[in-house]
Structure formats: structure tokens, C-alpha cells
Amino acid sequence: MEGTSGNRGPSVRSDCYVAITPMAAGGIVTEIKSKTRVLFGRHIENLVREVLLSFGLEHARVEVEDAGALPWAMAARLEAALKQVFPAPKEFLPPELPQNRRETARDRQRRSRLYLPGDQPKLMINAGLYGADGIILDLEDSVAPSRKEDARYLVRNALRNNDFHGAELMVRINQLPDGLEDLRFVVPQPLNLILIPKCESASEVKAVDDRIAELNPDPSRKIWLMPIIESALGVLRAFEIASASENVVALAIGLEDYTADIGAERSSEGLESFYARSALVNAARAAGIQPIDSVFSGFENLDELRAVATRSKAMGFEGMGCIHPAQIAVIHECFNPGEKEIAKAKKIVMAFEAAEKAGIGVIALGSKMIDAPVVKRALRTILLAEQNGLLNPKWRESDEG
Amino acid sequence: MKDKLVKNEAGRWVPLEINGEPVIPYQGVGKYIPLGNKYAPPLPSCALFPSDGNKVTTSLKDALVKAGLCDGMTISTHHHLRDGDFVANRIFDIAHDMGIRNLRWFPSASFPCHNHLIPYLEDGTISHIEGSMNGPLGEFTSQGRMKKTAVLRSHGGRTQAIQDGEVKIDIAVVAAPAADPFGNANGLTGPSATGVLSYADMDVRYATHVIVVTDNLVSFPCLPMQIEGNYVDSVVTVDKLGLPEKIIGGTTQITRSPDRLIIAEMTARFCEYTGIIYDGCVVQAGAGGISLAIAEYMHQIMKRNGWKIRVGFGGTTRFMTGMLLDGTMEYILDGQVFDTESIRSLNENRNHIPFTINNIYNYHSKGNFAQFIDMVSLGATEIDVHFNGNVVTHSDGLLLHGIGGWQNCLFAKNTIIALPLFRDRIPVIVDEVTTLCGPGELIDVIVTERGIAINPLRTDLLEKVKGSGLPVKTIHELKEEAEAICGKPDKPRFTDKIVAAIKWVDGTVIDVVRQVADN
């Protein structure tokens, strides 16, 4: 019996293929083919032994075909292959990078979230360098059914040992019930948020939330939820989904599946999904969380993306998904507060602060009265402008002078 | 016989003799000053050539026989046909059929198509290559299978070696996309157009015998005369010089790799912030993935500031000709063409001019164009913590690339090495380069996706970059970062056998490559 994991072939890079056959005797016999054999052959040999022996597998034939896999990826491949033929409850965990374990605020900015297929280590290595607010390691649609198990080990190890340079760490689990098993792999790791795909009810959100609570070794540590609405029923239940748990921080929409579900064709103008998107923004705001738009799949066409993202922000969304790093800068540019928006927010905030100082309950800008939601929105605009380097945090001094 | 080795100025052990000829160990940048006169080929007389000027010979074989092809000769070719070259391979097919042995092949570069020559290197038709050894040819050399020691030179070093008589060319075979019966030739038209023939210029002037091979014979005069027929002994026509689609890529594409784009964008930002590029600057551009992307970002910077590049040197692509067209670049001085759009531009634009490699890169000449260049971005296989660079061997010890114009460009005012911090787990920053190709004192900045390292000698840049928000790190920090991700690689093992010598731009030996041991 042979357990296998990973990828091989001429176009494969930063990955490896592993085949493990347990034997009755003879110790660990390795056959290692690697482009980096001269430089890392010894390291690979050592890792194979370390992983096998940690599970108590002492006699096996191990074939490794390596195309420059980093140690965390190779360890994931070895463990995935091993467990097919040598079931063991233990895990082989690569060291956890302290910089990956950081909490994120409930209302942190989530303008962009970059999707990475959970079975492709190559795309994960530099993902943190592109500057997305969040990175999604996807276990769902971008992973072929035969690779789901492989991807769980790979995503787990990436969360621990691949530096994501401060991006919010997100995992999209599979639809329930498989998604609940995915949680076992990722919840104990550095992780900030779980995306629940094709969500149609509050009970799904609760099931995920409860499972996270069981698996989370540190109950004070928050793992946020972002349900994705991808069906007509999901849209109708958007508010109950959005308010199903206090850990839900954002509600996203997935338009590919939604348009199919309602029998429409997806267009870049998005008229067919206008109702759903508007309903989703409304539900999210009613529940006090962030509404997040779908991905734009034409990644070559950045001009069209710019138009889509501009409309999306105008509808009230706070961010979009990205399927290619080139989309990130455009999305940030569109969702960042614009110059006029910042100028107006500054006036409102100054009027608000002046009124507070003077102890006046009513805020006025010129002859116009300003209410609390407008002030709240202006404060958020100022915060985002400051965070993204569009506004000097000392703007009050320079503006007053 | 064991080679007698001496330690050169860069601390590398090099021989005093290569293939029985004395060589000079590297003495430092600008330290070796040559004596004596330039080499000259034998004097010809027009009385020995047809009075009607028709030098067309029936076949390449006849032309080679007329040139007196015999054992031990040096045959030169240029690389404008790139990976589509049929001509170099054909020469050695003929030599092999004639039973000729021990030829020295002296190309300006080699490509994967030249793997065809490996059997001739094995059977002794070719004794060794002096030029570049890429891919399987490099591996063949690294395994110690070449009969004699290979010699690698930069493009400029090649013209210096020809001029100084270090390499005497017996027969120069010039593949010419257009030629007339007298031998005047250019690269501008025909089915195998290459744009320019800059790499053949020196060979034609200094070779004892010159054969022009064309698949596009035009009547006299072939204009412009990039190659002057006055130097040419015979003209041969063939069906095809090469595979057109491999000679010139139809359209050069900018890399879509987001990792490379990050590096390119950071390089351009660095250059703008530190004032390396400015209105009227001189730049060198290449056709590598990162270089093209840098050119495109620079283009945006020029447009945004209303600046112009005074002149762009180098390998030309549609990204440079685009700047010429929209006025962000005033002139292109062209040594090599990479796409069809650049050929169009050469044919139509008076501000797009071919230059010769001798004029821009020869170190033994009265000045050095390369020193006027404000900014050049180059690649490398390794950079060490002393900023020394390697472009010919990989970290596993195998010879895989030629030097190209790399050493020559190091003389630019600001030399930037732009490259990924690691490739397929192999870190590029090392304690000591496997093979020394360029001294660290000439390498100013390393830009990687994970940070920028500035040579401590460039205190001016270290000062100027302050406050830029760019991720400036020390080279040691970059090295440690890569090793934390990849692990610290083992070293390859070598035998004592020297398989190749690396020449510095002045003809001295800066390092050698040794045979890889069975690792």
C-alpha cells in the first residue's frame, strides 16, 4: 500500500511529490530526486526521517520528487502521504512564526482579501508581500475533491510557518459538514477569520462558531466569521445570518453562484445582482458588521475592475475579494476614502469636536444639522485615511493653523 | 600536469596558463594597463578578388575550404540569430564531415539550439568553446568533458580579446539577414531579420578570413552597410539562416509574475526617490523579465514628471521604442534587438541607431560608454555579503549562463541587481559567490521582493534613501531572512580540475570554474 501526496511534473515549482510505502523491515529507504539535491539533499533526507519517526514509522520506502519545496510544504506532503497508509492521531507541526499570531480588530479594514488555492504552496510563499488586507487560504472551490485532504495539511503548515507579513489570516472552509472537520486543522493555528461558504442559515454559523469554541485552545482569542451569501435563500436570510453570532464581523456575497441560483447571467454592470447586493449591504449594516463584495474574475482587465469597485463602494461595500495580486492596488485605490470625502469628513469631525468642547448637543456645519451616523461615518473615513497614509494624523494642527 | 596557481587580487586561485597560453591574474578594477599594439589581420589586396565584386561562392563548404579550414583553427560566429541559429551548427557539421579536429569555437553567445554541437565536443571536432556556455553545454563543461579549458568573456571582453590579439580569429562566419554579392550586409530586412549585426563588427575587422552567409541576397548596394563588404572574402547563400520565430520573439511580454513586478516597482521607486533617474538621464535596458517591467515603471515615472531619458542603451524591445515614440526617450543606441517592433523602429526612426559592441564596451579603448550610464538593472545567480556577483554558475556549481554584457554594465554610475531573494528554495545571497564574475565595489544596490540592500561604499545612497519608506536592510539581514525560509544550503563539491576561466573586462583572469564532483 502506497500513500501519496503533492504534485510533480515539469511545470511544478516550490512543491514536491511524496510516495510512502510502509515495510516490515529494512529501516527508512529514501529515493530523492530534487533540483536542489546538491544544496538541500541532506536536509530533505533528514526531514523525511524526522517526520516518519515522529509518527513511529520505522520501516518504509519513501520516494520524494522535489521541485524546491520549502520545508513546511514538504512536511505537509510527507504527513498527508503517511496518514493514508499509517493512521496516527499525532500531528507533525512545523515551528510557529510569532509574527503570524496576532489578533485583529473586529472592525479592521477589509478592503481586499486575496484568495489562494489551498493546495498550491508556490502561491502562498510571497502572498504576504502584495499588501492585501487579508489572505484567504482556500480549502473549498479552488481545491479539487481529490486534493482536499492534502490541502488541509498544507494550509495548516502555511499558517504556522509561512510569513504572511501582517495580513489578516483567513481560511475558507468547505461547506458543512466537511467544513467542521477542516476547522480541526486550522483553528489551533495562527488564524483570524473563517469564511463560511454558501451560507444559508444562522444555524450553520452557530455550528461553526461552536466548533471553533471547542477547538480554540485560548478562549480569549477571537476567531472572526465571515459568512458568504451565494444563493437566493441566503440573501433572504442575510440579516439572521449576519446577527447569528457576535463573532460575525462581515458578510460577503459570492456572485458566481448567486447569479446561477437565480437563473441570471453575471455581467460586469451587475444589474442582475443589484437587489441581492443592496439587501446584503442593508442586512450587514443593520447587524453592525461590514458588507463585503464578491470577487471580479476578469483579472487581466484592471480598468473594468476599477469601474466595478467604484460602483461597489458607492453601494456601501467596504471591500472586495481578489483572485490575482494585481487587483489589490486597484481595489485599495477604489475603497480608500477619496480626496473630497476626506475634506468633508474633516469638516464634520472638527464641527463635532468643537460642539463637544463647547458642550453643545446639536452639531451644525454651516446651516446644516449633522446627526450621529454622519459623524460616525466621518470618523471612520478619517481613521481609514490616516491608516492608509492619505492623511497626516496631525491634520488638525495644520488645518487650524 | 597540475596547473600552477596564484592568488589573484580578488583572492581567487587562478592559473598562469590556460590551454598553453600565458594569462594575467586579475589585478583589481582599472589596475591592469596593457602595453604594445593592437592585433592586425594579414594585409589583403583587391587584385586577388573578382573585379566585378561578385564574391558569391557555391556553398558554405566551398567557402570554408577556400578559407583554408584546417585542424586547430578558431571559428567565430555571432548570436543575433539567438535560439533559431542554423549557421553555427552547419559549420561544424561540415568540419566534422571533412574530418577536421580541434577547432576552437568563438561565439558571442550560445543558445539551447547549439546543444547540437555536443557530439562534436565529445569527438574532438571542437576542442573547446570561448564564449558562453548555457544549459546542457554548461553542464557538459562542468562535468569536465570538454577537451580543453573553456574561456568565458563579457561582450566587451570579447572585443578586447580580439583587438588585443588574445584570440586570433581564423574564420569569421557572419550570418547576415540581408547582403549583396560584395559582402555589404545588414540585419534590417529579409525572412531572418535581426535588426542589427553589432556583435559581428569586431570579428569582421580582425578575422583573417570572413564569410558572409545570407538567405536574402540583394543587388549591390545592400544599405545601410552595417557590415562593410570590404572586409569580406566570400558570400554564401542558403535557404534559411534559422527559425524566424526563435530569432526574434514576435512581441516581448512584460512578466505577469507578481513577485517580479514587486521587485521592478520597488527598483523604480528607489531610483526615483534617490534621484538616480532624472530628466536627461542615461539608462541601459535589457529584455529580462524584471528589466522589462522596470523599464515600464520608469516610463510611467518619466511621464508623470514630464521627464525625458536622453538615451537608452542596450537590447531593444517595444517598451523602449514606445518611449521613443511618445517622447519620453530621445535616442536608442541599439546593440541587440528582441522583437519585431524594434526592427520596424530601426528601419523608420532616425533616433534609433545601431552601435557596435567595441564602441560601447571595449575596456581597452579611449573611454568607456558604460560609465555614462546612470542606471542599469541586472540579474545574477548569486550575490555575496561583500556584494560580489556571480552570473555564470548556479549555487550547485554547474556552469549554466554566459556573462553577456553583465560585467561591462557594472561600470554604470548606479548598478542595481534586481532579483528574487530565493528561487525554488535556493537563496541568492551567499557568504561567498561560487564563481566571481564581478567585484563588489562595482555593485551598488540589491533589490529583492523582501528588501533592498545598499553597498556600504555608497554612503550617498544610504543617506538619500532615508525617509523613503522603502524596506532598506543590510545584505546580512537579507541573507538571514532567506536562510530562515529556505534553510542554509550545503556547498557543492568540486574536483581540482579547472574546466573554465572567467575573464575580467581587461582580459585578466578573475576566477575559474572547476569540475563538479559526483555529489
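This is a predicted model: local features need pLDDT of at least 70, side-chain atom pairs count only at pLDDT 80 or more; totals for chains, interfaces and linings use all residues.
Residues are numbered from 1 along each chain as its sequence is written, and chains are lettered from A and ligands numbered from 1 in the order in which they are written.

Let us start with that pair. Two packed helices are described by the angle between their axes and the distance between the axes. Here the helices are DSSP runs of H or I with at least four residues, strands are runs of E with at least two, and both are numbered from the N terminus. Axes are lines fitted to C-alpha atoms, for helices over the stretch in contact, and angles run from 0 to 180 degrees between N-to-C directions.

| Helix pair | Angle between axes | Axis distance |
|---|---|---|
| α8(B) (residues 258-273) and α9(B) (residues 289-305) | roughly 45 degrees | within 8 Å |
| α9(B) and α10(B) | about 15 degrees | 9 Å |

The handedness of the second pair is left-handed, as α9(B) passes α10(B).

Which residues of α9(B) and α10(B) meet? From α9(B) come L292(B), A295(B), E296(B) and H299(B), and from α10(B) come F319(B), M320(B) and M323(B). Contact here asks for C-beta atoms, placed from the backbone, within 7 Å. Sorted by class, this contact has 5 nonpolar, 1 polar and 1 charged residues. Ala, Val, Leu, Ile, Met, Phe, Trp, Tyr, Cys and Pro count as nonpolar, Asp, Glu, Lys and Arg as charged, and the others, Gly among them, as polar.

On the α8(B) side of α9(B), the residues that meet α8(B) include I290(B), A293(B), I294(B) and Y297(B). Their partners in α8(B) include L261(B), A264(B) and A268(B). That contact divides into 10 nonpolar, 2 polar and 3 charged residues.

Now look at α9(B) itself. Its 17 residues reach 25 Å from first C-alpha to last, close to the 24 Å expected at 1.5 Å a residue. Among its buried residues are L292(B), A295(B), M298(B) and M302(B) (buried takes 20 or more other C-beta atoms within 10 Å of a residue's own, exposed 12 or fewer, partly exposed in between). The buried residues of α9(B) pack against several elements of chain B, including β15 (281-285), β16 (309-316) and α10 (318-326). After the helix comes G306(B), with a positive phi near 70 degrees.

Chain A holds 15 helices and 14 strands, and 45% of its 401 residues count as buried. One example is V155(A), in helix α4 (residues 148-161) of chain A. Why does V155(A) count as buried? Because V155(A) has 30 C-beta neighbours inside 10 Å. Leaving out residues up to four places away in sequence, V155(A) touches G118(A), L137(A), L139(A), V171(A), F185(A) and V186(A).

Methods: Two residues are in contact if their C-beta atoms, placed from the backbone, lie within 7 Å. The expected span of a helix is 1.5 Å times one less than its number of residues. A crossing is left-handed if the near helix is turned anticlockwise from the far one by less than a right angle, and right-handed if clockwise.
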